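Subject: Structure handover

Hello,

Here is the structure we discussed, with the findings set out below it.

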Amino acid sequence: MASGIYNRFKANLMNKVVDLEADTINVALYDNTHVFTATDNTYVTTNELATAGGYTQGGAALANKAVTQAATTKFDADDTAWTNATFTAYHAVIWDDTVATDDLIANIDFGGAQSVSSGTFTIQWNASGIITLA
Amino acid sequence: MQYKAKIVNGLPVILAEALRTKNKNGGYDITIQAPSLQLINDFIERNKNGKRDLQQIQS
């Protein structure tokens, strides 16, 4: 059970593979069998929530992505929401849908089952940024 | 908000927090408040005993 950043993302930054503002960055939701493993490289549908109850596999694209340069540079975006939703999720995985290999970026552990019923499931990204680099 | 954190297998674990509210549809909405992920993890420091301390992450 963990939140963290995938090693592939670190390498992709250094190799100029990822552009967090220009690329399509998705957030996918996973069940309780998903385990964050920093050495995983690519997005997979294994253990992802099925397409049902207001969720579509692949996840939702981050909107209004922005990188703000500072001593602590941050990557941020609008909060992500699934409406008319009925499902239970345990993790969110952020991945790059523009890179041909669908490379992983980060994993957020919800700390247990988080359920929505005929409502809106929202991930409120931290005011400090989704990812920071200091 | 402060996020709960602990050490698992020597690695920091930061957990998201969630708020759930009833909605007018008779169901409920949920909002996950995600932690900010640090690309360089600087919140583990070794203490004078050579062990690791865990500091709380504050958003």
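A:Asp103 and A:Arg8 form a salt bridge, with their closest N and O atoms 3.2 Å apart; the term means a side-chain nitrogen of Lys or Arg within 4 Å of a carboxyl oxygen of Asp or Glu. A:Asp103 sits in the loop between strand 6 and strand 7 of chain A and A:Arg8 in helix 1 (residues 7–14) of chain A, so the pair ties together parts that are 95 residues apart in sequence. Helices (H or I, at least four residues) and strands (E, at least two) are DSSP runs, numbered from the N terminus. A:Asp103 is buried at 2% relative accessibility, while A:Arg8 is partly exposed at 25%. Buried means under 20% relative accessible area, exposed over 50%, and partly exposed in between (1.4 Å probe, protein chains only). Over all chains, the structure holds 1 salt bridge.

This is a predicted model, in which local features need pLDDT of at least 70 and side-chain atom pairs count only at pLDDT 80 or more, while totals for chains, interfaces and linings use all residues. Residues are numbered from 1 along each chain as its sequence is written, chains are lettered from A and ligands numbered from 1 in the order in which they are written, and side-chain values use heavy atoms, leaving out hydrogens and water.

The largest nonpolar core has 44 residues; such a core is a set of buried Ala, Val, Leu, Ile, Met, Phe, Trp, Tyr and Cys residues joined through side-chain atoms within 4.5 Å. Among the residues that touch the most other members are A:Leu29, A:Trp82 and A:Phe110. Two or more residues each come from strand 2 (25–30), strand 6 (80–96) and strand 7 (104–124) of chain A, and from strand 5 (28–33) of chain B. Beyond its neighbours within four places in sequence, A:Phe110 has contacts (heavy atoms within 4.5 Å) that include A:Leu29, A:Phe121, B:Ala16 and B:Ile32.

A:Ser115 is in strand 7 of chain A and is buried, at 15% relative accessible area. Its side chain makes a polar contact of 2.7 Å with that of A:Thr88; this is a pair of N or O atoms within 3.5 Å, where within protein one must be able to donate a hydrogen and the other to accept it, and residues adjacent in sequence count only if both atoms are side-chain atoms. Leaving out residues up to four places away in sequence, A:Ser115 also touches residues of chain B, including B:Arg20 and B:Tyr28.

Chain B has 0 helices and 9 strands. Of its 59 residues, 31% count as buried.

Regards
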